[in-house]
Amino acid sequence: MEKKEVVYKVNNLKLDRYHLKLNEVLFHNANGYIGVRYDFEEGYPDDEEYIRSQYINGFYDFAPINQPEALYGIGREKQLMLNIADTQTIRLFIDDEEFSMFTGTVMESSLSLHMEEGITLRRVVWRSPKGKEIEFVITRMTSFHQLTLFTIDYEINPLNFSGNIIIESGHDVDVTNFYDPLDPRGSNYPVESIKPTSCVIQDEASYITSSTINSGLQVCSCVKHALSQESERDFSVNHNSALCRLSLEAQCKQKIKLIKYAVFCDSIRYEDCRQQAMIEIQEATSVPLTELYRKQEEYLTEYWKNCLVEIDGDKESNLAMYYNLYQLIQSVGKDKYGNIAPKGLSGDGYEGNFFWDTEIYIQPYFTITNPSITKNLIDFRYETLDMARENAKIMGHNEGALYPWKTIMGRECSGFFPAGTAQYHINGDIAYSIIAYYLATKDLDFILKKGAEIIFETARVWLDAGNFYDGKFNINSVTGPDEYTCIVNNNYYTNLLAKYHLNWAVKFYSILKQFPEFTQLAEKISLTEGEIDSFAQAADQMYLAYDEELNINPQDDSFLQKKKWDISLIPKKDFPMLLNYHPLHLYRYQICKQADTVLAYFLLEDAQPEDVMHNSFLYYEKITTHDSSLSRCIFSIMAARLGMPEKSLRYFGDSIKLDLMDLYGNTDDGVHTANMAGSYLAVVFGFGGFRLKEQGISFAPILPSNWEGYRFKICYEDSHLKVEVLPHQCIFTLESGSEKQILIYGKEYLLENTLTIPREDCIDAQKDLPSADKDKNMMYKAVIFDLDGVITHTDRYHYLAWKTIADELGIPFDEIVNNRLKGVSRADSLEIIIESYEGILTEEQKLYYTDRKNRLYQMLLENLTENDLSADVGSTLIALKEHGVKLAIGSSSKNAKMILERIGLENFFDAVSDGTNIVNSKPDPEVFLKASEYLGIEPKDCLVVEDAVAGVEAAKAAGMDCAAIGDAMKSPLADYRLDCFPDLRQIVLTNTKSQFSSEK
């Protein structure tokens, strides 16, 4: 791999609580077995503000769930990942001065994550209060070669002094988990879960063994030190901690290196965790640290070779992609005892439990880059299959297996069943991931030994949870991915995955029954051909909700019966909504937390025609809050799939930097692993158009407008492929393995070595694909928008500025007068205001007051930002533009260009006609006729969008149709009335005039 920008670095470290907590996560160290949040070794002035956390994947304790009405089967006990020890502490004393970033003077500081080497590095140049200067270079690593090992390489360089230095290195297991009493999504009360049972020093290493209070598990942590020069060494121990004290003489400009080794072994994986810790510490210290660094880099070189994604022309996104993929290999379990939590091993968020995120967002990434890891993840599900069988019985199913929605060790621990246990789609998710693994690897042996048993046992639950009614198979009282809509009938996502699952159960039965080993499996689980026939019948008659009038798939049977809720009117402080609204309140509205039906389209795009997916995407786009980090990446993929590249890129930008920019304000709880994998999917499956199906693999690449190119690699069967998308060509390379038949824009090619397709051919081929976006019968070729009150709402600023002028003149001014000013020029507005003025204003005075009003207005506009452009307006504008509709501004304001710049649309519109280039203001049609002229579009082919009655009159006088919004809806001249801005898309793009026509 050509090494590019693979170091994420922060200079001049900020020492406020927010940035310290954020950096704990962004620079944490993990290897899939252990995880260590990045705390300064020397600590903080107020240590109770911070929890120095270290975790083991799959290591847990039980804690009660307080259910005041604990009905049968409702969870009463949860599992939580534990903070197991603190081996980070290293304190340094120079005579009577202690090193701290919070005392003395920090002359230089930086923190960097080196993703090709697998280390984090902190560099500090510090001057003590008494003037002693020291350079610190501190390197940390969790080893991918030896998963039990965490090292701190602590280098000290005295820059201007010689003298005595004392180092105190701690090993402490008196630790607790983080909890937040205000957040119901994780631990919201303190839980005592782990206690030390022994603490000893042996061969200058400290061993502390601890036991969980309820689950009966044990963990042993061991710490040992190596120092580059002679020192006095003392140990002190108590029941729960050990301290190693090193005293040495430092010489000016002679570096001192302390290596702190820590290993962790648990009783889930090792019969004697104390004995194993002794073996592990011996192995770690028997080779130079440089050798461990070399093996770390070897591991990552192989990793990057298989999963390469590079973006040209967007350095920030390129670096963010490397960061996200590095976090995934840090987070994912490397054996059958662990999995991957929503926060990986970087924090306590969601208490370290495993969810369906693994199968639907993360496994697709590993399946096509490192399928052995996917195999481990499926192994975890196989190991917990018996508990899934128990869970099915608890839920009333006499046969089959129902996997828990939330778990660590295999037992359901969701306390709120409507948004948890009711998500039966977990069975379909797991089946989908196993099928995808088979399609990518053709590893039929693994399917025979483990995968098939999961497939058949989980398929049985669909037959019992659903029923045949009126010729259709219905699945009632379940919850789909969208947790703002719970306990519904025939959730589209759930039913579609159940259909796919059942069909593949039939296929696997047909494939496997020829093998003698399959007879043993069939006997083990009492599988019969009659049952397989039932699977086929249920799949064939599966009910998939469809609304003929809207030509969409409703999210469930009752979804379209519910009230609509304009998301743009919800205060920003009320997001995420689950923390601010009662669940039942949310359930009664057409409002979505995340992609649900849209996610089903991504996974199984062949189930519906193109126009249904397109219409559904636009429908759900305007009612989805994206309160879940799982959402935007899916909308990005489907926007690309449906031919909306600009919109796809916009969603992608919100997804890829989610943690690096802390866009959800909760990264300090841990990284968002599923979103990180989703950003990969957005490039490969979205822009790259990659699909993995029973028929083989296919590609339909597009190139985002501000990218110069991109490339990615995938594994398929025995082969490794590289795809490069450039402005003038697409290059497909078989890097190793056997030749492959691949589809590119629906055309079949044999990839033997390198296949180069001119970009023009790609574009032409893409245009030939069926797409609802290629509608050439659109009613309008252009849309001309008023600015104030339509694109953005600056009318309040106008009101405040005019109110100031009116107050100075002693003239009454209220909203009634203000409404008369909409769409009217500044000079004419002043004439309306002074109608009740008792005095007389000269032309010079009028000019003074109009200029003063404009200055006041411009001052108020300083508060305007890109956040003042609502998501509905932005997405609608993008959709229109992507369909080839010309867009223009038609505003009487002379500040139009300034406003567009402030809201980030300065270069977006094809033409701007405003107060700087017209003589007559609305209701005169001049402003709209000029816009039509600038666009080169006949007035009859233009639609005007207005919020003022005068604007409607101007549009009609120009010979244009007009869509009214806000106050303009009062005008009898309006051709359409828009209840919400996105309705404009249906008027322009789908030619549905009658639905929005104004009654005259």
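The chat below goes through the sheets, cavities and a few single residues of a predicted model.

Reader: What order do the strands take in the sheet with 9 strands?
Author: The model is predicted. In that sheet the order is 1-9-10-11-12-19-16-15-14, the sheet is open, and the pairing is antiparallel.

Reader: Which are the edge strands there?
Author: Strand 1 (7-11) and strand 14 (194-202), each of which pairs on one side only.

Reader: And how much twist, on average, from one strand to the next?
Author: The average is 15°.

Reader: How many bridges between strand 11 and strand 12?
Author: Strand 11 (residues 133-142) and strand 12 (residues 149-158) pair over 9 bridges, in the antiparallel sense. Within that pairing, valine 137 is opposite glutamate 155 of strand 12.

Reader: What does helix 3 touch on the sheet?
Author: Helix 3 (residues 289-307) packs on it and touches strand 10 (119-127), strand 11, strand 12 and strand 19 (256-266). The direction of helix 3 makes about 55° with that of strand 11.

Reader: Which residue stands opposite isoleucine 94?
Author: Isoleucine 165, in strand 13. On the strand 18 side, asparagine 164 has glutamate 249 as its bridge partner.

Reader: And strand 17 with strand 18, how many residues between them in the hairpin?
Author: There are 3 residues between them. The two strands pair over 6 bridges in the antiparallel sense, and phenylalanine 235 stands opposite cysteine 244 in strand 18.

Reader: How many residues of strand 18 are buried?
Author: 7 of its 10 residues, which makes strand 18 mostly covered.

Reader: Change of topic. How many cavities of 30 Å³ or more?
Author: The structure holds 2. The largest has about 60 Å³ of space, and of the 14 residues that line it, Asn57, Met81, Leu345, Gly352 and Phe354 are the closest to its centre.

Reader: How does the lining of the largest cavity divide by residue type?
Author: Into 8 nonpolar and 6 polar residues, with no charged ones.

Reader: What lines the second largest cavity?
Author: Its volume is about 40 Å³. The lining consists of Ser169, His171, Ile201, Ser206, Val223, His225, Phe235, Ala242, Leu243 and Cys244. By type, that is 6 nonpolar, 4 polar and no charged.

Reader: Helix 5 next. How many residues are buried?
Author: 11 of its 11 residues, over 357-367. Among them are Asp357, Glu359, Tyr361 and Phe366.

Reader: Where is asparagine 370, and is it buried or exposed?
Author: Asparagine 370 is in the loop between helix 5 and helix 6 (371-383). Its relative accessibility is 18%, and buried means under 20%, so asparagine 370 counts as buried. Asparagine 370 and valine 124 are 37 Å apart, C-alpha to C-alpha, with 246 residues of sequence separation.

Reader: What does asparagine 376 touch?
Author: Asparagine 376 is in helix 6. Leaving aside residues up to four places away in sequence, asparagine 376 touches Lys334, Asp335 and Lys336. From asparagine 376 to cysteine 592, 216 residues apart along the chain, the C-alpha separation is 33 Å.

Reader: Last one. Which residue in the turn between strand 21 and strand 22 has a positive phi?
Author: Aspartate 470, at about 55°, in a hairpin with 2 residues between the strands. Strand 21 (residues 466-469) and strand 22 (residues 472-475) run antiparallel and are joined by 4 bridges. Asparagine 467 has asparagine 474 of strand 22 as its bridge partner.

Terms used. Residues are numbered from 1 along each chain as its sequence is written. This is a predicted model: local features need pLDDT of at least 70, side-chain atom pairs count only at pLDDT 80 or more; totals for chains, interfaces and linings use all residues. Side-chain values use heavy atoms; hydrogens and water are left out. Two strands pair if DSSP finds at least two bridges between them. On a 1 Å grid over the protein atoms alone, a cavity is a set of points where a 1.4 Å probe fits but cannot get out, and a pocket is an open set with protein on both sides within 12 Å along at least five of seven lines; lining residues have an atom within 4 Å of a point. Grid points are joined across faces, edges and corners, and a volume is the space filled by probe spheres set on the points. Ala, Val, Leu, Ile, Met, Phe, Trp, Tyr, Cys and Pro count as nonpolar, Asp, Glu, Lys and Arg as charged, and the others, Gly among them, as polar. Axes are lines fitted to C-alpha atoms, for helices over the stretch in contact, and angles run from 0 to 180 degrees between N-to-C directions. Contact means heavy atoms within 4.5 Å. Buried means under 20% relative accessible area, exposed over 50%, partly exposed in between (1.4 Å probe, protein chains only).
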